[in-house]
Amino acid sequence: MALPRTYESQNCSIARSLEVVGDRWTLLIIRSAFEGVRRFDDFQDVLGVARNVLTDRLGRLADEGIMRRVRYQERPERYEYRLTRKGVELWPAMMTLLLWGDRHYAPEGAPVIVGHRGCPGSLTPRFTCDACGAPLGPTDVEPREGPGA
């Protein structure tokens, strides 16, 4: 039996957030957007998600103001999907989930290290660089191959 998508009976911000970003494809689309993926076919190639599911999730993310559609071609009409400010605000939650997964579900080590761009350090759970101590945000980091890659 499928779980309901809405949590109307719960006065809880976590439940309300799950209504929007609470399935795996949605989170993986957001992850891919943080990695620079912008176009429908690229999302599909990276994720291996069915076209109808991807269409639904991208539409919902756009409707919720987490991503915006930006036309890059007129004939035929084609769009890129870019994170909005609201979408970028999910970065700390995504990084916390990544670091938690590295600790608990990556026995060979992290597959990807979130590195501090221009510095040998990497992201800590406090969103600082473990080498220089600088505060880090989504534009300050780059993915690096980890030991579990």
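This is a predicted model: local features need pLDDT of at least 70, side-chain atom pairs count only at pLDDT 80 or more; totals for chains, interfaces and linings use all residues.

Select Cys 129 and Cys 132: their sulfurs are 3.7 Å apart, and Cys 129 is in no disulfide. Cys 132 is in no disulfide either, with the sulfur of Cys 129 as its nearest cysteine sulfur. The reason is the distance: a disulfide here needs the two sulfur atoms within 2.5 Å. Cys 129 is buried, at 3% relative accessible area, whereas Cys 132 is partly exposed, at 46%.

Next, look at the backbone. Select Arg 75 and Pro 76: the peptide bond between them is cis, with omega near -10°. You'll find Pro 76 in the loop between strand 1 (67-73) and strand 2 (78-83). Then jump to Phe 127, a non-glycine residue with a positive phi, near 60°. Phe 127 belongs to the loop that runs between strand 3 (112-116) and strand 4 (141-145). Why flag these two spots? Most peptide bonds are trans, and most residues other than glycine have a negative phi.

How are their rings arranged? The ring centres lie 5.7 Å apart and the planes meet at 50°, so this pair counts as tilted. Trp 91 is in helix 6 and Phe 127 in its loop, 36 residues apart, so the pair links distant parts of the chain. Trp 91 is buried, with 5% relative accessible area. The structure has two aromatic pairs by the rule used here.

Trp 91 also takes you to the largest pocket, where Trp 91 is among the residues nearest the centre, along with Arg 31, Phe 34, Glu 35 and Met 95. How much space lies in this pocket? About 840 Å³. Its lining is made up of 29 residues. By class, 18 of these are nonpolar, three polar and eight charged. To see where they come from, colour helix 2 (24-34), strand 2, helix 6 (91-105), strand 3 and strand 4, each of which supplies at least two lining residues. Helix 6 gives the largest share, with seven residues.

Finish with two arginines over rings. Select Arg 39 and Tyr 72: the charged end of Arg 39 sits over the Tyr 72 ring, 3.6 Å from its centre. Then select Arg 69 and Tyr 79, where the arginine lies over the face of the tyrosine, 3.8 Å from the ring centre.

Key: Residues are numbered from 1 along each chain as its sequence is written. Side-chain values use heavy atoms; hydrogens and water are left out. Buried means under 20% relative accessible area, exposed over 50%, partly exposed in between (1.4 Å probe, protein chains only). Helices (H or I, at least four residues) and strands (E, at least two) are DSSP runs, numbered from the N terminus. On a 1 Å grid over the protein atoms alone, a cavity is a set of points where a 1.4 Å probe fits but cannot get out, and a pocket is an open set with protein on both sides within 12 Å along at least five of seven lines; lining residues have an atom within 4 Å of a point. Grid points are joined across faces, edges and corners, and a volume is the space filled by probe spheres set on the points. Ala, Val, Leu, Ile, Met, Phe, Trp, Tyr, Cys and Pro count as nonpolar, Asp, Glu, Lys and Arg as charged, and the others, Gly among them, as polar. Rings of Phe, Tyr and Trp (its six-membered ring) pair if their centres lie within 6.5 Å; planes under 30 degrees apart count as stacked, over 60 as edge-to-face and the rest as tilted. A charge sits over a ring if NZ of Lys or CZ of Arg is within 6 Å of the ring centre and within 35 degrees of the ring normal.
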